[in-house]
Amino acid sequence: MTANRKLGVGAIGLGRAFTFMRPAFAASPQIALVAAADPRPEAQQRFAEEFGGTAYTAVDAMLRDKRVEAVYVATPHQFHAEHAIAAAQAGKHVLVEKPMALTLAA
């Protein structure tokens, strides 16, 4: 990645976990938050206003966004495996801070 190019990041989930990462994303000169997926309209609106990115209701719609190169999974634990797998299958790099699954079977 060149010094002038920003990595296009999409966030899945705009709740508590995203809130903790928000300052780092906002301050990074190497990252552009271009999209997010969250079912809550107020979270979508806040994201669009703060970052100027596209807010989606559905994860699969966000994953089709060509600007999204990497995905930050910030959903509740029970959804980590599903969202991380979907992002990987969509050809995105994936960051999951907590377990991808609650058990080895999932």
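The following legends describe close-up views of a predicted model of one protein chain. Residues are numbered from 1 along each chain as its sequence is written, and side-chain values rest on heavy atoms, with hydrogens and water left out. Local features need pLDDT of at least 70 and side-chain atom pairs count only at pLDDT 80 or more, whereas totals for chains, interfaces and linings use all residues.

**Figure 1. Overall architecture of the protein chain.** The protein chain contains four helices and five strands, and from the N terminus on its elements follow the order β-α-β-α-β-α-β-α-β. Helices (H or I, at least four residues) and strands (E, at least two) are DSSP runs, numbered from the N terminus. Taken along the principal axes, the C-alpha atoms fill a box of roughly 40 × 35 × 25 Å. The radius of gyration of the protein chain is 13 Å, in agreement with the value near 13 Å for a compact globule of 106 residues; the radius is taken over C-alpha atoms, and the globule rule is 2.2 Å times the number of residues to the power 0.38. Of the 106 residues, 40% count as buried. Buried means under 20% relative accessible area, exposed over 50%, and partly exposed in between, with a 1.4 Å probe and protein chains only. Among contacts between residues at least 6 apart in sequence, 53% join residues at least 24 apart, a contact being heavy atoms within 4.5 Å.

Figure 2. Phe18, Arg22 and Phe25 are the buried residues of α1. Seen down the helix axis, they fall within an arc of 90° and so line one face of α1; the arc is that of the directions from the helix axis to the C-beta atoms. An α-helix has 3.6 residues a turn, so residues three or four places apart point the same way. The buried residues of α1 pack against β1, β2, α2 and β4.

Figure 3. Within α2 (residues 41-51), Ala43, Gln44, Phe47 and Phe51 are buried. These residues cover an arc of only 100° around the axis, which puts them on the same side of α2. Their cover includes α1 (16-27), β2 (31-37) and β3 (54-56). Pro41 and Glu49 are exposed on the face of α2 turned away from its buried side. Glycine 52 follows α2 with a positive phi, near 70°.

**Figure 4. Helix α4 and histidine 83.** The buried residues of α4 are His80, Ala81, His83, Ala84 and Ala87, and they pack against β1 (7-12), α3, β4 and β5 (93-96). Histidine 83 lies within this helix, which spans residues 80-89, and counts as buried at 9% relative accessibility. Residues up to four places away in sequence aside, histidine 83 touches Ile12, Val59, Val73 and Thr75. Just after α4, glycine 91 adopts a positive phi of about 85°.

**Figure 5. Aspartate 65 in its loop.** Aspartate 65 is placed in the loop between α3 (59-63) and β4. Its relative accessibility is 8%, so aspartate 65 counts as buried. Apart from neighbours within four places in sequence, aspartate 65 is in contact with Ala35, Thr54, Tyr56 and Lys92. Its C-alpha atom is separated by 19 Å from that of glutamate 50, 15 residues apart along the chain.

**Figure 6. The largest pocket.** The largest pocket has a volume of about 280 Å³. On a 1 Å grid over the protein atoms alone, a pocket is an open set of points where a 1.4 Å probe fits, with protein on both sides within 12 Å along at least five of seven lines; lining residues have an atom within 4 Å of a point. Grid points are joined across faces, edges and corners, and a volume is the space filled by probe spheres set on the points. Of the 14 lining residues, Arg16, Ala17, Thr75, His77 and Lys98 lie nearest the centre of the pocket. The elements that give two or more residues to this lining are α1 and β4 (70-73), and α1 provides the largest share, four residues. The lining comprises seven nonpolar, four polar and three charged residues.

**Figure 7. The second largest pocket.** This pocket holds about 180 Å³ of space. It is lined by 13 residues, of which Gly13, Ala37, Asp38, Pro39 and Thr75 lie nearest its centre. By class, the lining has six nonpolar, five polar and two charged residues.

How values were computed: Ala, Val, Leu, Ile, Met, Phe, Trp, Tyr, Cys and Pro count as nonpolar, Asp, Glu, Lys and Arg as charged, and the others, Gly among them, as polar.
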